Amino acid sequence: MIEVQINDTITDAALSRFSTQPLDGYDLFILEAISLAGVVKVITDDGDHVTVPGIQVFTANRNVIATAQSQGRLVVR
């Protein structure tokens, strides 16, 4: 678990990503928190996170799994 601090720095960074990442506001703040913590492996059912470069998503989201499989990007562990 990572604590999310909402302050001017995080808000500015999230706003900068807003134009390059197809994420909603909550996801942008979460992305900033995990970036600051150096996290690259994320467990989530939120399909939006699979659009973020530089992180590895672990999920049980059936839509995400089906899409990854059809694109040849599914890794099964």
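## A loop residue and its neighbours

Leaving aside residues up to four places away in sequence, Gln21 touches Leu28, Leu31, Thr51, Val52 and Pro53, where contact means heavy atoms within 4.5 Å. Gln21 sits in the loop between H1 and H2. Is Gln21 buried or exposed? Gln21 is buried, with a relative accessible area of 11%; buried means under 20% relative accessible area, exposed over 50%, and partly exposed in between, using a 1.4 Å probe and protein chains only.

A word on what you are looking at: this is a predicted model, in which local features need pLDDT of at least 70 and side-chain atom pairs count only at pLDDT 80 or more, while totals for chains, interfaces and linings use all residues. Residues are numbered from 1 along each chain as its sequence is written, and side-chain values use heavy atoms, with hydrogens and water left out.

## The chain as a whole

The chain holds 3 helices and 2 strands, following the pattern α-α-β-β-α along the sequence. Helices (H or I, at least four residues) and strands (E, at least two) are DSSP runs, numbered from the N terminus.

Taken along the principal axes, the C-alpha atoms fill a box of roughly 40 × 25 × 15 Å. Of the 77 residues, 23% count as buried. Among contacts between residues at least 6 apart in sequence, 26% join residues at least 24 apart.

## How H1 meets H2

Two packed helices are described by the angle between their axes and the distance between the axes. Here, the axes of H1 (residues 8-18) and H2 (residues 25-37) come within 9 Å and cross at roughly 115°. That makes H1 roughly perpendicular to H2, a label for angles of 65 to 115 degrees; under 35 counts as roughly parallel, over 145 as roughly antiparallel, and the rest as oblique. The axes are lines fitted to C-alpha atoms over the stretch in contact, with angles running from 0 to 180 degrees between N-to-C directions.

Which residues make the contact? H1 brings Ile10, Thr11, Ala13, Ala14, Arg17 and Phe18, and H2 brings Leu28, Phe29, Leu31, Glu32, Ser35 and Leu36. These residues divide into 8 nonpolar, 2 polar and 2 charged.

## A look at H2

H2 has 13 residues and reaches 19 Å from its first C-alpha to its last, close to the 18 Å expected at 1.5 Å a residue. The buried residues of H2 are Asp27, Leu28, Leu31, Glu32, Ala33 and Ile34. Their cover includes H1 and strand E1 (41-43).

Definitions and conventions:
Ala, Val, Leu, Ile, Met, Phe, Trp, Tyr, Cys and Pro count as nonpolar, Asp, Glu, Lys and Arg as charged, and the others, Gly among them, as polar. The expected span of a helix is 1.5 Å times one less than its number of residues.
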